[in-house]
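I opened this notebook to record what I looked up in a structure that was new to me. The entries are kept in the order in which I made them.

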Amino acid sequence: MTDHGNKPTLARPKPGLGSVLLLLFRLLAGGLFIFAAAIKLNDPAGFSEAISGFKVIPEGAGHLNILATFVVPWLELIAGVCLVLGLWTRASATIVVVMLLGFCGLIYSAIYREMELTCGCFGKIDFVCDGPLGWCSVIRNGVHAAVALVPLIAGSGMLGLDALGWKPCQRDPDED
Amino acid sequence: MSFLTRVLIIGAVAAGAGIAHSWVVQAGDKPIKLGVDEGSLVDTKIRRPAPEGAGTAPQTDAPEETPILPEPGDSGDVPGPELGGVIDEQSPDTDGEISLGYEILADDAYLLFDQLGAQFLDARLPEEYDTGHVQGAFFMTPEMLREGYPRALEVLSPDLPTVIYCVGGDCEASHNVAKYLQDFGFQQLHVMTDGYPAWVGAGYPTEAGAEQRLAFE
């Protein structure tokens, strides 16, 4: 089989254990993000109140609260879907990791300021951690970020849409 | 396409979707409210009890800090002296009126409790309510009001002053309850900003138990 004129090409490799593991990591990291986004989009008023509770948006900048209320879940949703599909995997995984680290920072600031509130990460659902915000939420988000770090480093594997654009043309070493 | 371009495209698509979604919701019949509309709230007037040695004029330089001993309530407790509120300048004598606005302190709240039978709403966690709450307070959280019409609203009267509290400090739950109650026609709304700990610290009436909370679930 040839491509690019007379240059020999490699056949597309079959997905191995590595690709399956990468798929699992993508499903877990992206799937959780999609789940969290759906909860927030279903109850934007609740998420808006959670954002207000952190007291990071200055008084009089209510429009920023509204912006964050809707843009954050949509970013979670789109990045989560891309990650699950293995589309632009490294870019979407980067967004997931950066957002999770940002959430960790926000939660830590609330703990430092001894604020008693809920993070609104999963709405009313106590996912892994229950009660007011604490170190459990920081650790939970940290573990989630670590899971997303794997596809960020390794890519989508052969079981993702990114693999459809696989172009393994070998260069003729005599060419420039 | 470079990595950075892909990140920016994902971000731009999400921002566009979020902004469009916010326009739709804010233009709809249930826009997100960020806080209570204080301009349409009604202040509650209460009588400032005569201090000991009646007949003497109150201090004019700092009237809000003049120690005042209100009439004892049913509990027989005597509350602390720190009172807020705005002293009605039309009645500068010792038996004047205080006009209480949206944010009040525990001592002001006690006057509403004692003189006007104000209704109290507890916006804390269920287990915190069960452990102890203002005597007669109903359990009411923002989530309950967002999800519909809580049964407790059937026994509350919009014509009575309503005091909402949580843990004090940075707690926003009481303010969030107030903004939803305003939509249900409540106008005499007060948030006890120093929260339940201040009420307990002053020795005001409390009770414990989940009966009232469960009765309206």
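The entries below concern aromatic rings, charges over rings, cysteines and one glycine.

**Entry 1. Conventions.** I note that this is a predicted model, in which local features need pLDDT of at least 70 and side-chain atom pairs count only at pLDDT 80 or more, while totals for chains, interfaces and linings use all residues. Residues are numbered from 1 along each chain as its sequence is written, chains are lettered from A and ligands numbered from 1 in the order in which they are written, and side-chain values use heavy atoms, with hydrogens and water left out.

**Entry 2. Aromatic pairs.** I searched the whole structure and found twelve aromatic pairs over all chains. Rings of Phe, Tyr and Trp (its six-membered ring) pair if their centres lie within 6.5 Å; planes under 30 degrees apart are stacked, over 60 edge-to-face, and the rest tilted. I examined B:Y110 and B:W199, a tilted pair with 6.2 Å between centres and 50 degrees between planes. B:Y110 belongs to helix 2 (residues 106-116) of chain B and B:W199 to helix 6 (residues 195-201) of chain B, so the pair ties together parts 89 residues apart in sequence. Helices here are DSSP runs (H or I, at least four residues), numbered from the N terminus. Both B:Y110 and B:W199 are buried, that is, under 20% relative accessible area with a 1.4 Å probe, protein chains only. I also recorded that ring pairs link these two residues with B:F113, B:F120 and B:Y204 into a cluster.

**Entry 3. Charges over rings.** I applied this criterion: NZ of Lys or CZ of Arg within 6 Å of the ring centre and within 35 degrees of the ring normal. In chain A, the charged end of A:K40 sits over the ring of A:F47, 5.4 Å from its centre. In chain B, the charged end of B:R124 sits over the ring of B:Y196, at 4.1 Å from the centre.

**Entry 4. Cysteines.** I found one disulfide over all chains, a disulfide being a pair of cysteine sulfur atoms within 2.5 Å. B:C166 and B:C171 form this link, with 2.1 Å from S to S. The link is left-handed, with -135 degrees about the S-S bond. B:C166 is buried at 2% relative accessibility, and B:C171 is buried at 16%.

**Entry 5. A glycine in helix 6.** I located B:G195 in helix 6 of chain B; its relative accessible area is 0%, so B:G195 is buried. B:G195 touches B:C166, B:V167 and B:G168, leaving aside residues up to four places away in sequence; contact means heavy atoms within 4.5 Å.

Methods: Helix = DSSP H or I, 4+ residues; strand = E, 2+ residues; numbered from the N terminus. Buried < 20%, exposed > 50% of the residue type's maximum accessible area, 1.4 Å probe, protein only.
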